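Thanks for asking me to look this over. Here are my notes, as numbered points, to read alongside the model.

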Amino acid sequence: MVDLVVRAAGAIEREERIAAFGQLVESFRDMACGYAYALLGDFHLAEDAAQEAFVTAYRSLGQLRDPAAFPGWFRRIVWSACGRIRPDERATVASLDAVGAGVLAAADSLPTAAGDEPAQAAEANELRDAVLHAVAQLPPPQREVTTLFYINGYSQKDIAQFLEVPVGTVKNRLHASRGRLKERMLHMVKDTLHQNAPGERFDRRVIDELLSRPRPLEIPGHPVRDAWEAVRQALADYEVVTGPEVEDRQTAKASQDHAWEEYAYRLGEGRALRFQMTSVTMAAVVGRSAPVRLLAAGRVFRPDREDATHTKVFHQMEGLCIQTGADAEAFLATCERCIRAVVPDAEVRWVPHDYGYRFVAEGHEAMVSRDGREQQALGGGTLSQQALRDAGFDPAAVSGFAWGLSLERLAMLRLGIDDIHALWQPPYVT
């Protein structure tokens, strides 16, 4: 591959340059189309974006300093080409014939209709469509590796080079996507019949009920407010920023999170209830110079099944630090200071976690326990170089980390209670 890049960029004869680039096109054609499909959800638009990307790459090849970096460099060109596709051209649901039968292997090689009796063929086609739809619903990082892996047999190493992630990350994402696909197929009938959370996300009556719930951060003496105040005192050098509970699609996806598709309670016209606080800190960081230390806390809304540790409305606290020395060690120390500000005698167990998107380079989750009770209460990690660049910082000069924690989970541990609903029902636990 490196030799082809060198010849395509620097061969004296024009015919030799074109021939070498033609071989690069042959090698990366399906990779480009598969990646573009994962982003756009439509095969025809993906082909258009891939074609534009190849033209751009040919014209810009002389700017590539390291020929070995071609896969990742070319992926960014494909990504930019997809970004130029007008929103009204994009499909909202993936084209069902886009990936082909290979993707079905991700769901344990479900049968196709060839050679079946008419009734069996119809049933197989319905199942096939359902699996391909399930692929379309995967989080973007998992959808990318799944499409690339099955579209033309690209190796995990090839995919890792193209996506500029470790091979281990590709393996983890493939494993997660297979699990999600199987889970979707196993629970498809149940989800269809019960019309659970997805239906809620578009129901204005449900949304109005969620918005009418209490605002613990505004109630003096409330355990959630006390937890927030304890964190603020522990991180007194952090600036507190705020943002609206209703945000638009562009703001919500500022962190490149896939959660808009999975979690957002929709209000129409590209607006939805806030489902995370990351968008608040990422919006606030724009235009600042290092050092930057930000905190934000507020209600967020997600269509979770309500149980002893989950409610559809809860309080997330988000922290962001960008400065010299903001490394993994500083991240862990800062997060433990947050946790112990609320639960001084807490035990903290850190678990490595692949968040599956480019915002976090090295992720961890904190399992916090006290008196035999354990909660997954915090997650975050060091910022990727791309995330720093997107925020307007030079990764060679500064580093950063970000984290989010559940104020309810910490309040439950602090008070020794097992049901989160006790924090929402007056008279509130004190």
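1. A word on terms to begin with: helices (H or I, at least four residues) and strands (E, at least two) are DSSP runs, numbered from the N terminus. This is a predicted model, in which local features need pLDDT of at least 70 and side-chain atom pairs count only at pLDDT 80 or more, while totals for chains, interfaces and linings use all residues. Residues are numbered from 1 along each chain as its sequence is written, and side-chain values use heavy atoms, with hydrogens and water left out.

2. Confidence comes next. pLDDT is the predictor's confidence in each residue, from 0 to 100. The protein chain has a mean pLDDT of 79, with 79% of its residues at 70 or more. Please treat two stretches with care. Residues 90-116 stay under 50 in pLDDT, and the model gives them 55 contacts (heavy atoms within 4.5 Å) beyond four places in sequence. Residues 186-198 are also below 50, and this stretch has four contacts beyond near neighbours in sequence.

3. Now the overall picture. The protein chain holds 18 helices and ten strands. Of its 430 residues, 46% are buried; here buried means under 20% relative accessible area, exposed over 50%, and partly exposed in between (1.4 Å probe, protein chains only). Among contacts with a separation of 6 or more, 65% are between residues 24 or more positions apart.

4. Which residues have the most contacts inside the largest nonpolar core? They are M317 and W403, in a core of 43 residues. A nonpolar core is a set of buried Ala, Val, Leu, Ile, Met, Phe, Trp, Tyr and Cys residues joined through side-chain atoms within 4.5 Å. Beyond four places in sequence, the contacts of M317 include W228, V231, L295 and W403. A second, separate core has 41 residues, among them L24, A50, I85 and V145.

5. The packing of two helices is worth a look. Helix α4 (residues 70-83) and helix α7 (residues 156-163) have axes that come within 6 Å and cross at roughly 60°. The pair is therefore oblique, since angles under 35 degrees count as roughly parallel, over 145 as roughly antiparallel, 65 to 115 as roughly perpendicular and the rest as oblique. Axes are lines fitted to C-alpha atoms, for helices over the stretch in contact, and angles run from 0 to 180 degrees between N-to-C directions. On the α4 side, P71, G72, F74 and R75 meet Q161, F162 and L163 of α7.

6. L413 sits in helix α18 (residues 407-415), and its 2% relative accessibility makes it buried. Leaving aside neighbours within four places in sequence, L413 touches V343, V368, R370, R373 and Q375. From L413 to V343 is 70 residues in sequence, yet 7.0 Å in space, C-alpha to C-alpha.

7. Finally, some backbone details to check. Most residues other than glycine have a negative phi, and most peptide bonds are trans. A290 and P291 are joined by a cis peptide bond, with omega about 5°; P291 is in the loop between α15 (278-285) and β5 (292-301). E164, not a glycine, has a positive phi of about 60°; E164 is in the loop between α7 and α8 (167-186) and is partly exposed at 44% relative accessibility. D371, also not a glycine, has a positive phi of about 55°. D371 lies in the loop between β8 (360-370) and β9 (373-383) and is exposed, with a relative accessible area of 60%.
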